[in-house]
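Open the model in your viewer and keep the selection panel at hand. We will go stop by stop.

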Amino acid sequence: MITGTFLGTGGSRGPNGLINGDLDITNPLNRRTSPAFFLDIDGFKILIDCGPEVAFQMERCNLQEGIDLALLTHDHGDHSDGLRFLHAVFDHFNGENPIPIYYDQFFDLRIKAKFPFLFTKEECPDLPFSISEYYGALASMPSLDAIKAPIQIKARRVKHGAEFSLAYRFGDKLLYISDVSELTDEDVVALQGAHTVIIDGNGFETAHGHMSIPDVVKIIQRLNPQMAFLTHLSQKVDYSDAMAYLQDHSRNIPILPAYDGLQIQFGEEKPVFNLSHDPYTGDLRTLALARRNSISR
Ligand SMILES: [Zn+2]
Ligand SMILES: [Zn+2]
């Protein structure tokens, strides 16, 4: 059984409940935290990205059984600032077991400069435990091949403004592309084949480092999954507006805007989208199911 949980679906401007632009934040679907996803593959638990609310996000989604692996897409704050808090998750859930963290070597110096205390004992000599031992595994791993996971994980650099982020593909089940400003033909060919695509839906207009939602919809058609979800929805994206747009433009591939707490399940042969529940706003299930059913395949 593979289950995915959207821990956070917001953009880089912080929790949308606080900095919400013109959004109607009485709609809980518009209240978003930093983008992160949690994948449970037969008990092997993977955290994708680690924004500043990570410990809160895991707690509110009742994900209390630890992490076997953390994958970062890139080092921007909305994706990595929670590394400083991951030790709380680590303490609480993983005990003595360190959490391997994978990210591109390109980000290594910057992440280590941002969180020297996670990597260098000398930075925090007064702390009562040995940081270097404690965080021994908090280093970028040389290769995804070194990770023993129950599904093949592949990473590919995709353009994100002047730099890049990593897209992660999990066998034929899931392709997760967070911040992306362009996918080349080569990217599309290399990344095709996953039943489910979760991709950057930052805004209706192109922003620095991000495609527009209309362009993302075209990319989804080319990636040709059975279903897709938009995440990384900025403070300018109203959930209802996004849903209405996607209903008009999804064509034969259902595309839904994700929301914080949304869970999906991945079947063996094909994806089973049991848009189960939001653990903290249970009434969203009915809403999501009604909206899904109104999308024709
Ligand atoms: Zn971002
Ligand atoms: Zn970014």
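## Stop 1

Select F37, I48, L175, Y176, I220 and L230. In this predicted model, these residues touch the most other members of the largest nonpolar core, which has 70 residues. Now colour helix α8, residues 213-223. Helix α8 supplies the largest share of this core, with 6 residues.

Stay with F37 for a moment. Which residues does F37 touch, leaving aside those up to four places away in sequence? They are G4, F6, L7, I48, D49, Y176 and I198.

## Stop 2: the six-stranded sheet

Switch to cartoon view. Find the open sheet of 6 strands. Follow its order: β6-β7-β8-β9-β10-β11. The pairing is mixed. Which strands form the edges? They are β6 and β11, the latter at 255-257, and each pairs on one side only. Neighbouring strands in this sheet are turned by 20 degrees against each other on average, direction ignored.

Select β10, residues 227-231, together with β11. The two pair in the parallel sense, over 3 bridges. Show A228, and you will find I255 of β11 standing opposite.

## Stop 3: helices on the sheet

Bring back α8. This helix packs on the sheet and touches β8 (174-177), β9 (196-200), β10 and β11. Compare the direction of α8 with that of β9: the angle is about 155 degrees.

Next, select α9, residues 239-249. Helix α9 lies across β10 and β11. Its direction runs at about 175 degrees to β11.

## Stop 4

Move to strand β6, residues 153-160, and pick R156. Is R156 buried or partly exposed? R156 is partly exposed, because 17 other C-beta atoms lie within 10 Å, and a buried residue needs 20 or more.

Show the contacts of R156 beyond four places in sequence: L166, A167, D187, A190 and L191. R156 and D104 are 52 residues apart along the chain, and their C-alpha atoms are separated by 9.6 Å.

## Last stop: the whole chain

Zoom out. The protein has 10 helices and 12 strands. Of its 297 residues, 46% count as buried. Take the contacts between residues at least 6 apart in sequence: 61% of them join residues at least 24 apart.

Key:
Residues numbered from 1 in each chain as written. Chains lettered and ligands numbered in written order. Predicted model: local features only at pLDDT ≥ 70, side-chain atom pairs only at ≥ 80, totals over all residues. Helix = DSSP H or I, 4+ residues; strand = E, 2+ residues; numbered from the N terminus. Buried ≥ 20, exposed ≤ 12 C-beta atoms within 10 Å, placed from the backbone. Contact = placed C-beta atoms within 7 Å. Core = buried A, V, L, I, M, F, W, Y, C linked by C-beta atoms within 7 Å. Pairing = 2+ DSSP bridges. Axes fitted to C-alpha atoms, helices over the stretch in contact; angles between N-to-C directions.
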